[in-house]
Amino acid sequence: MKEGDVLKIVDFHCDVLSKIQLDQSLDFKCDHELDVNLERMEQGGVQLQCFAIFLSEKLGPPGIEHIMEQLDLFQERIASEGIGLIRNTADLERVAASGEKAGMLSIEGADGLEGDLFYLRLCYDRGVRFLGITWNYANWAADGVMELRNGGFTRKGLELVQACHELGIILDVSHLSQKGFWELIELSESVKRPFIASHSNAYHICAHARNLHDEQIRAIIDSGGRIGVTFVPWFVKDSTVVHSEDLLPHLDHICQLGGEKHIMFGSDFDGINTHIDDLRHAGDYYRWVETLLKHYPEELVKGWMSNNALEFMRKWLPSDR
């Protein structure tokens, strides 16, 4: 890196909004109960953060009112601190050129949409641009990856996929069942739209059900999608202590499958209570960059930290809505 050169960082998954929803005394500006806050984004060099809307079981049956509350919390607690919302490519280019910090919105699990596609449109109008169809278990749209029956999409779920494709909402398979994954491949190929896995690692390196098998990784690569390598310790290595360098085999393996230009990062900060020992919050991202630069060329690292994600969004975010 040249002196004064700042490596922009894009992170594709955190659960700050869910955490604040459960404890509204938390302050996004500097509260250290939050893995991702404004202070730590600045410390770590995170320019663009995707904020997931995940509905905790503590809320009771999931409903659209819970999603709306998190959207309100984004405006009141996060956007109010200068984190602008990216809705389209014009917003993205402005942020990329200015160096401003910004956020994107995703929904993690369609449960709270209650099977009503009007609610999907409502969320789109509020700025949601990514949708993880399931969390770990079954919902009205599809089975999650931890559902033992390994079912695919329901009839209503197929309508959801079609509606997302029409709106321009990008689908996320990080929690989707194996069968659902391959059904989505067919559905996406028919309209030539890729999808992402916002926070998943390589099953070949760590055999956790939430990680991607080689065939899935190749399919995402072939479609032009992106894989957000994640910092969830038990997705990285089956060990009580996990270091950031334990992530390197996952990166190497995805690259060996042809995915060096398809890698990004999705930390899952604030969605985990146990952390990689030297990647505990967003403020540690600069250390992660330093580690990567010891092992890989700078241009490759720049791609993983931001350019691969930015290139994808330039192509697949709406241009003017």
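In this predicted model, the axes of helix α6 (residues 155-167) and helix α7 (residues 178-191) come within 11 Å, crossing at roughly 35 degrees. The crossing of this pair is right-handed. On the α6 side, the contact is made by L158, V161 and H165, while α7 brings in L184, L187, S188 and V191. Sorted by class, the residues where α6 meets α7 come out as five nonpolar and two polar, with no charged ones.

Spanning residues 64-78, α3 has 15 residues. From its first C-alpha to its last, α3 reaches 20 Å, which is close to the 21 Å expected at 1.5 Å a residue. Quite a list of its residues is buried: I64, H66, I67, M68, Q70, L71, L73, F74 and I78. What do these buried residues of α3 pack against? Two helices are among the partners, namely α1 (16-22) and α5 (117-125). The strands β2 (46-53), β3 (84-85), β4 (102-108) and β5 (128-132) are packed against as well.

Next come the strands β7 and β8. Strand β7 (residues 196-197) and β8 run parallel, joined by two bridges.

Finally, a word on the backbone in two loops. Most residues other than glycine have a negative phi. Where is N150 found? N150 sits in the loop between β5 and α6. Its relative accessibility is 31%, so N150 counts as partly exposed, given that buried means under 20% and exposed over 50%.

D270 also has a positive phi, of about 70 degrees, although D270 is not a glycine. This residue lies in the loop between β9 (263-265) and α11 (285-295). Is D270 buried or exposed? D270 counts as buried because its relative accessibility is 8%, and the cut-off for buried is under 20%.

Definitions and conventions. Residues are numbered from 1 along each chain as its sequence is written. This is a predicted model: local features need pLDDT of at least 70, side-chain atom pairs count only at pLDDT 80 or more; totals for chains, interfaces and linings use all residues. Side-chain values use heavy atoms; hydrogens and water are left out. Helices (H or I, at least four residues) and strands (E, at least two) are DSSP runs, numbered from the N terminus. The expected span of a helix is 1.5 Å times one less than its number of residues. Buried means under 20% relative accessible area, exposed over 50%, partly exposed in between (1.4 Å probe, protein chains only). Contact means heavy atoms within 4.5 Å. Axes are lines fitted to C-alpha atoms, for helices over the stretch in contact, and angles run from 0 to 180 degrees between N-to-C directions. A crossing is left-handed if the near helix is turned anticlockwise from the far one by less than a right angle, and right-handed if clockwise. Ala, Val, Leu, Ile, Met, Phe, Trp, Tyr, Cys and Pro count as nonpolar, Asp, Glu, Lys and Arg as charged, and the others, Gly among them, as polar. Two strands pair if DSSP finds at least two bridges between them.
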